[in-house]
Amino acid sequence: MIMRSYLALSLALFAAPLAAQNEDLGEPVGEGGSVETAFEENASEEGGLTGSVTDESDWQDLGIAIPAFATDRERSTPANASGTGALGGEIARVITSNLRNNGIFKPTGPDALPKPSFAQITAPSWGSWTGRGAEMLVKGYVTARDDGRLVVGCYLYDVALQDELIREGWVVRPADWRRAAHKCSDLIYARLTGESPFFDSRIAYIAETGPKDKRVKRLAIMDSDGANHRFLTLGSATALTPRYSPDYSQLLYLSYVDGNPRIYVYDIGTGQQKLVADTGNPTLAPRWSPDGRSILYSMAVNGNTDIYRVSANGGQSVRLTNTPGIDVGGSYSPDGQKIVFESDRSGSQQCYVMNADGSGQRRITFFGGRCATPEWSPRGDQIAFTRIAGDFNIAVMTPAGRNLRVLTNGWQDEAPTWAPNGRIIQFFRTARNSGRSGLHQVDLTGRNERRLPTPVDASDPAWGPIRP
Amino acid sequence: MTIPNTRIIAIAVLSSTALLGACAKKAPEELPPTPQATATPTTSGPSTTPSGPGVGTQGHFEQAVGSNAVVYFDTDRFNIDSTDAAALQTQAQYLGQYSQVTITIEGHADERGTREYNVALGERRANSAKNYLVSLGIAANRISTVSYGKERPVALGSNAEAWAQNRRAASVVIN
């Protein structure tokens, strides 16, 4: 093999001790705890908003009152320095900002509402809520068990019907109290819209600092609302394009830690990482299969980039594309049967679909402009991508390449990633000249767009699935 | 596929350069000599000041080849045009003279591309430059490549002029 001698040379030049690949890693952050469902009940299938509201515009004006969650008795908890009573207020605030920030519903939070007693959680005083312009009422409680764990109950009421729509409760470690608030948000969202939940999920991204020509790029993770933020790498090596494994135990990403672009799989529990494909060639654009058993990656050999698949346990790689040019990326359909990817084999970046074994490759985009970074919706019905036509914008189309809809109008909007329910798309927006970037979200109507606050500049977001 | 027709023009330019004619005839399949080998600069080589940086340093290389250490590309392109060819011939001349020197070619893209595509594009550009040097007789195992995509711009504006400066393949001496 002609590469052999060059390979030996490059190994001699670049290979550092094995430990070197870990030298940019921070302390392990550990994996989160589990959330146990304490109870769940669809109290009145017949009452309230039966069926789903299919047009998002109908959700916008739905007023929801979210008073502080009550506690049976004030107890100290590591989740809040002031005890379970104050924690109940925090939980209601998290739910309120979840629903408000995503442009769905008109929530009113606990600071503008009376504080219900523990007994009133399951027996609302309807008279005090009917005059507040809220059609829906969320109530809940938080209690600390003797083992320290928290029990959080969540109830959704229809104020006009004076009826309970749904209830659910969870047992969480004190450290996971926000997850209970997200589970309650998901319960309300799913019950009122008929859509799948998405709040109890996490996002991996690249945190950026420093001037444009000396950008420091660190791997970072956070909850879907930006809380529980952690940096995973130190910033001595450039990190790019992370992807959460479907079970949240690992992250794929690109690092220049050995001086070259290589993809690594980082274990969140141990804080260690290993090379995904030890070939001596540049590897990039890592992606998980929906079942987490396979990894897609792109590899450049003598300047020509193709897409490969390898088992998450290692072993032999399978080459899926074999054309002159740049074939890169790749995103599985939710059933794992097909892959959408980008290729410039036609002369410019366009999107293609192939079977999971690489057969049946065909171009799906024929509109003006280019198609880059395609991502298959978790619902399977849409593909989001970066549309390059002068500026860079986020757009969606069907898997057949039809019904193109452009959702954003920034100067450079790039790299869409789907919320677990396929209703919201996150992407990053880069500013002209300054090069500063931040995370943004847009819903499928294109009407609700907002910036997701991050501690520093941000790019390359990857939204993980709903947590169990 | 990687080298377009400009190669023919370039070879024509090359053969008209007496110095390069000599180094292009060197056997390209040899492994690089051991690092301790010290070259004796010849008077016919690129001018070096006696007190300047030593052979095997980036400073020595840049002093010899000047702005020819970097070649530039059109938007989304990776072909070697006649300007690039002339610059790479100057590099080949240097590498032919100092056969102990090894280089890395760093490929870059401008900010007006998606991140992953740009990493692949930078790699493609670096390989174009490498292949051209190899076609001039420089041993492939003396040239490594690395792509930085759009991560390391030299010009910081968001305009056509800045982007043109950032679409580049820069040769760097490995110490």
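## Helix H3 of chain A

The buried residues of H3(A) pack against strand S2 (63-65), strand S3 (106-108), strand S4 (136-144), strand S5 (150-158) and helix H5 (177-193) of chain A. Packing here rests on contacts, with two residues in contact if their C-beta atoms, placed from the backbone, lie within 7 Å. Helices (H or I, at least four residues) and strands (E, at least two) are DSSP runs, numbered from the N terminus. The model is predicted: local features need pLDDT of at least 70, side-chain atom pairs count only at pLDDT 80 or more, and totals for chains, interfaces and linings use all residues. Residues are numbered from 1 along each chain as its sequence is written, while chains are lettered from A and ligands numbered from 1 in the order in which they are written.

H3(A) covers residues 84-101, 18 residues in total. Its first and last C-alpha atoms are 25 Å apart, close to the 26 Å expected at 1.5 Å a residue; the expected span is 1.5 Å times one less than the number of residues. Its buried residues are A:Thr84, A:Leu87, A:Gly88, A:Ile91, A:Ala92, A:Val94, A:Ile95, A:Thr96, A:Asn98 and A:Leu99. A residue is buried if 20 or more other C-beta atoms lie within 10 Å of its own, exposed if 12 or fewer, and partly exposed in between, with C-beta atoms placed from the backbone. After the helix comes A:Gly103, with a positive phi near 70°.

## The six-stranded sheet

Chain A holds an open sheet of six strands, in the order S1-S6-S5-S4-S2-S3, with mixed pairing. Two strands pair if DSSP finds at least two bridges between them. Strand S1 (36-41) and S3 of chain A are the edge strands, each pairing on one side only. From one strand to the next, the twist averages 15°. S2(A) and S3(A) run parallel and are joined by three bridges. Here A:Gly63 stands opposite A:Lys106 in S3(A).

Two helices pack on this sheet. H3(A) touches S2, S3, S4 and S5 of chain A, and its direction makes about 145° with that of S4(A). H5(A) touches S4, S5 and strand S6 (163-172) of chain A, at about 155° to the direction of S6(A). Axes are lines fitted to C-alpha atoms, for helices over the stretch in contact, and angles run from 0 to 180 degrees between N-to-C directions.

## Nonpolar cores

The largest nonpolar core has 124 residues. Such a core is a set of buried Ala, Val, Leu, Ile, Met, Phe, Trp, Tyr and Cys residues joined through C-beta atoms within 7 Å. A:Ile91, A:Ile95, A:Leu156, A:Ala180, A:Tyr205 and A:Tyr253 touch the most other members. H5(A) gives the most to this core, with eight residues.

Leaving aside neighbours within four places in sequence, A:Ala180 is in contact with A:Val35, A:Ile91, A:Leu150, A:Val152, A:Trp170 and A:Val172. Another core lies apart from the largest one, with 27 residues, among them B:Ala64, B:Tyr98, B:Ala126 and B:Ala129.

## A hairpin in chain A

Strand S28 (residues 437-443) and strand S29 (residues 449-452) of chain A run antiparallel, joined by four bridges. A:Leu439 stands opposite A:Leu452 in S29(A). The two strands form a hairpin with five residues between them. A:Gly446, in the turn, has a positive phi of about 80°.

## Chain B

Chain B has six helices and four strands. Its elements run α-α-α-β-α-β-α-β-α-β from the N terminus on. Of its 175 residues, 46% count as buried. Among its contacts with a separation of 6 or more, 75% come from residues 24 or more positions apart.

Helix H4 (residues 82-97) of chain B has 16 residues and reaches 23 Å from its first C-alpha to its last, close to the 22 Å expected at 1.5 Å a residue. Its buried residues include B:Asp84, B:Leu88, B:Gln91 and B:Leu95.

## Where the chains meet

The contact takes 37 residues from chain A and 28 residues from chain B. On chain A, H1(A) gives the largest share of the side that touches chain B, five residues. That side divides into 14 nonpolar, 16 polar and seven charged residues. Ala, Val, Leu, Ile, Met, Phe, Trp, Tyr, Cys and Pro count as nonpolar, Asp, Glu, Lys and Arg as charged, and the others, Gly among them, as polar.

An open sheet of four strands in chain A has the order S14-S15-S16-S17, with antiparallel pairing. S14 and strand S17 (318-319) of chain A stand at the edges with a single partner strand each, so one side of each is left without a neighbour in the sheet. S15(A) and strand S16 (residues 304-311) of chain A pair over eight bridges. Helix H5 (residues 115-135) of chain B packs on this sheet, touching S14, S15 and S16 of chain A, and its direction makes about 150° with that of S14(A).
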